[in-house]
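Trainee: Could you walk me through this one before I set anything up? I'd like to go over the helix packing and then the pockets.

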Amino acid sequence: MLPQAQGYLKRTGLVIMDSILAYILGLLTALIMAVLLRFRERSEFSSFYGSSRKKMAAISRAVEYRLSMGPYVAALGGGTGLSTLLRGLKSFTRNIVAVVTVTDEGGSSGRLREEWGVLPPGDVRNCIVALAENDSALRRLLDFRFDRGVLAGHSLGNLMLLAISEQFGDFRRAVEEMNNLLAIRGRVLPVTTEAVSLVAETAAGERIKGELSISEHGSEIRKIWLEPLDARPVVDVLRAIDEAEIIVLGPGSLFTSVIPNLLVSKVAERLRKAAVPKVYICNLMTQPGETDGFSLAGHVKWIASAMGMPPDYVIANAGEIPPHLMEKYGKEGALPLVATDRDREELEEMGCLLLEGNFVQIIDSALLRHDGQALSHLLIRLCRELKED
């Protein structure tokens, strides 16, 4: 082979080798850069995740601080009305004590009361769930009802309260354990741990006993009381009233949710002594059987009679109720509970200040409920304005 050819091939081989080497070095460089970039991304993600976690923790602490600085509220009632209010209140303060009536005798609560001698847990359960951090998920669990066997009709939450009551031998302790177990915003307390019954007398002198009977003859009632007459309240209930910055009665069934708490004599006595504002929240509608034909002022007069004094404020709905719900509830005998001119005059004579607003909330286009957020916003604003004065 000619020397020129050999030199050419040698130079070409070197060029090829240099190209291969450059390719390999380029590939290695790319791989190293990719690894470094991935590491950097992971580091940044980790840093971002850690930063996000810190931010969320800071936000959570800020929210908890804001809630801890909220006013102290004592809310007395029962049924779905009180739990609806509590769902709204927990967004403004965690200093809440819900005082719940224990005269329920229907459904699962009634059966457990009759068969086990335990105080009715249904209203207490509803209020505990309402004050829980994540009430929607918890509600599905604790409201689950068995549909067959000996447990048919019982809810899981009621059975949990029964089980804890049996374990500790004390319904109040069971409620406290549930409060702690579910880490709720506030506390739920039964007004008394004694087995009490609601008793009433009609205008005709007939004596009727039990929540179910009374809820069917409300318009005939002329006198109502608890038996035994000297039922003792839970000590913490009296303490909650003493420490409250505002006391809320209702919303809820007049004779079977709100008034039973006021019929515990020492509770009514402590309420009369309290210097803080006492607010009664009227229902949106009259209740068939229980408050047929009752005016708004008529409701307040019964509250005043049971408590021994009228409330300082009365909250009533002035919001519009959709026609299809007016028709639906009207067929059941329920009518809107709104303030008339006559109601305003009677409330003024009693020394009650009327607060009106749109407090209507529609659930699934079929159920009429109070707007817990709107009610709570009004209560908190009232409390703060009075405090500033």
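Mentor: Let us begin with helix H12 (residues 296-307) and helix H14 (residues 341-350), which pack at an angle of about 25° with their axes 8 Å apart. Please keep in mind throughout that this is a predicted model.

Trainee: How are H12 and H14 oriented to each other, roughly parallel or roughly antiparallel?

Mentor: Angles under 35 degrees count as roughly parallel, and that makes H12 roughly parallel to H14. On the H12 side the contact is made by Leu296, Ala297, Val300 and Lys301, while H14 contributes Asp343, Glu346, Leu347 and Met350.

Trainee: And by class, how do the residues of that contact divide?

Mentor: The contact of H12 with H14 has five nonpolar residues and three charged ones, with no polar residues.

Trainee: What about H9 and H11, at what angle do they pack?

Mentor: H9 and H11 pack at an angle of about 10°, and their axes are 10 Å apart, so these helices are also roughly parallel to each other. From H9 the contact takes in Val237, Leu238, Ile241 and Asp242, and from H11 it takes in Lys266, Val267, Arg270 and Leu271. Sorted by class, the contact of H9 with H11 holds five nonpolar and three charged residues, and no polar ones.

Trainee: Which residues of H9 are buried?

Mentor: In helix H9, which covers residues 235-243, the buried residues are Asp236, Val237, Leu238, Ala240 and Ile241. Those buried residues pack against strands E1 (73-77), E2 (96-100), E3 (187-190) and E7 (246-249), as well as against helices H7 (171-181) and H11 (265-273).

Trainee: Switching to pockets now: what is the volume of the largest pocket, and which residues lie nearest its centre?

Mentor: The largest pocket has a volume of about 720 Å³. Its lining consists of 29 residues, and those nearest the centre are Thr80, Gly81, Gly252, Ser253 and Gln287. Helices H2 (79-89), H4 (122-131), H8 (211-216) and H10 (254-262), together with strand E12 (367-370), are the elements that give two or more residues to this lining.

Trainee: Which element gives the most, and how do the lining residues divide by class?

Mentor: H2 gives the most to the lining of the largest pocket, with four residues. By class, that lining has eight nonpolar, 16 polar and five charged residues.

Trainee: How about the second largest pocket, how much space lies in it?

Mentor: About 460 Å³ of space lies in the second largest pocket, and 18 residues line it, with Ser83, Thr84, Arg87, Arg139 and Arg369 lying nearest its centre. The largest share of this lining again comes from H2, with five residues. The lining of the second largest pocket divides into three nonpolar, nine polar and six charged residues.

Trainee: H2 keeps coming up, so how many of its residues are buried?

Mentor: Nine of the 11 residues of H2 are buried, so this helix is largely enclosed by the rest of the structure. The buried ones are Gly79, Gly81, Leu82, Ser83, Thr84, Leu85, Leu86, Gly88 and Leu89.

Trainee: Last one: where does histidine 377 lie, and how far is its C-alpha atom from that of leucine 89?

Mentor: Histidine 377 lies in helix H15, and because its relative accessibility is 43%, histidine 377 counts as partly exposed. The C-alpha atoms of histidine 377 and leucine 89 are separated by 8.0 Å, although these residues are 288 residues apart along the chain.

Definitions and conventions. Residues are numbered from 1 along each chain as its sequence is written. This is a predicted model: local features need pLDDT of at least 70, side-chain atom pairs count only at pLDDT 80 or more; totals for chains, interfaces and linings use all residues. Side-chain values use heavy atoms; hydrogens and water are left out. On a 1 Å grid over the protein atoms alone, a cavity is a set of points where a 1.4 Å probe fits but cannot get out, and a pocket is an open set with protein on both sides within 12 Å along at least five of seven lines; lining residues have an atom within 4 Å of a point. Grid points are joined across faces, edges and corners, and a volume is the space filled by probe spheres set on the points. Ala, Val, Leu, Ile, Met, Phe, Trp, Tyr, Cys and Pro count as nonpolar, Asp, Glu, Lys and Arg as charged, and the others, Gly among them, as polar. Buried means under 20% relative accessible area, exposed over 50%, partly exposed in between (1.4 Å probe, protein chains only). Contact means heavy atoms within 4.5 Å. Axes are lines fitted to C-alpha atoms, for helices over the stretch in contact, and angles run from 0 to 180 degrees between N-to-C directions. Angles under 35 degrees count as roughly parallel, over 145 as roughly antiparallel, 65 to 115 as roughly perpendicular and the rest as oblique.
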